[in-house]
Amino acid sequence: MRISTLAYTFKQGFKNIFRNKTFSLASIATIGSCVFLFGLFYSVLLNFQNIVKEAQSGVAITVFFDEGTSDERIQEIGNEIAARDEVAKVNYISEDAAWESFKVDYLGEYADGFENDNPLAGSSNYEIYMKDVSKQPALVTYLESLEGVSKVNRSDITADTLSNVNVLIGYVSAGIIFILLAVSIFLISNTVTIGISVRKEEISIMKLIGATDFVVRSPFVIEGIIIGIIGSALPLVAVYYIYNNVIAYAVEKFSSLSDILKFLSVDEVFYTLIPISIAMGVGIGFFGSFSTVRKHLKV
């Protein structure tokens, strides 16, 4: 492609935007609104997923051993468990460590009566933390099949609840994103259709003097992409300041809940939000304009 042709394509793309100012502004506003809502929703979603992830990291499966199981076999069991893909971390709790922790948490000064006795003898165990609690049933089945394992404690209700929450988040996210994309593409399509009807005579003349299909079609596609970029970039500024101020306010006012509600920083959110939003705007602009050009511009 010659530089002059490329320059003409971009020039006409910009001209098309100003020719149809009302529809162009409507498209930019619609995409901007969609990206703004998506940005807010995405920020809340990431924080909610982070809270669920933190909750998942605290859900443990506890494995106890048969009486008389050797230390070597207990070590082998630990190595086998740690080698599994779904396992994030394995902690070994000896019977002495379990008793010391129990004394501190529940007995306090009354623990002196058990000075030469350990009521938790034989309670050595592994605490297993998973990457994904939805895989807990499969892991429990595996653990119960291991030689030397006497009992496996787990919380099925907690695991099922967290798994269902993750699935629900996925479905809600997909539904909202689909609606926002559909509305934006519809507006882009209308804008390009108006542009084609306004320039029909000019397009006919261009074809008569030998203009290629690319030269005729590409300005409308460029128009859609530019509208998409502008419409996705502007709301990111608003989302940035809103999110930053809301998180700062929440951290200050609800500091007592900081151990439960761990919010992501604005940099962590925008590290992925910016490329996703820009790609979404460009994609909406490209597919909306390209499909409309193919449908309405018979060249």
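Modeller: Two strands count as paired when DSSP finds at least two bridges between them. We apply that here to a predicted model.

Colleague: Which residue of β4 does F64 stand opposite?

Modeller: F64 stands opposite K151 in β4. Strands β1 (residues 60-65) and β4 pair over 4 bridges, in the antiparallel sense.

Colleague: What is the order of the strands in the sheet?

Modeller: The order is β2-β3-β1-β4, in an open sheet of 4 strands with antiparallel pairing. Its edge strands are β2 (87-93) and β4 (149-153), each of which pairs on one side only. On average, neighbouring strands are turned by 20° against each other, direction ignored.

Colleague: Which strands does α3 touch where it packs on the sheet?

Modeller: Helix α3 touches β1, β2, β3 (125-130) and β4, and its direction makes about 5° with that of β3. Helix α5 (residues 136-144) also packs on the sheet, touching β1, β2, β3 and β4. The direction of α5 makes about 5° with that of β1.

Colleague: Now a single residue. Is R73 buried or exposed?

Modeller: Buried means under 20% relative accessible area. R73 has 17% relative accessibility, so R73 counts as buried. The residue lies in helix α3, which spans residues 71-82.

Colleague: Which residues does R73 touch, not counting those up to four places away in sequence?

Modeller: With residues up to four places away in sequence left out, R73 touches E80, L146 and E147. For E80 there is also a polar contact of 3.4 Å, joining its side chain to that of R73.

Terms used
Residues numbered from 1 in each chain as written. Predicted model: local features only at pLDDT ≥ 70, side-chain atom pairs only at ≥ 80, totals over all residues. Heavy atoms only, no water. Helix = DSSP H or I, 4+ residues; strand = E, 2+ residues; numbered from the N terminus. Buried < 20%, exposed > 50% of the residue type's maximum accessible area, 1.4 Å probe, protein only. Polar contact = N/O pair within 3.5 Å; in protein donor to acceptor, adjacent residues only side chain to side chain. Contact = heavy atoms within 4.5 Å. Axes fitted to C-alpha atoms, helices over the stretch in contact; angles between N-to-C directions.
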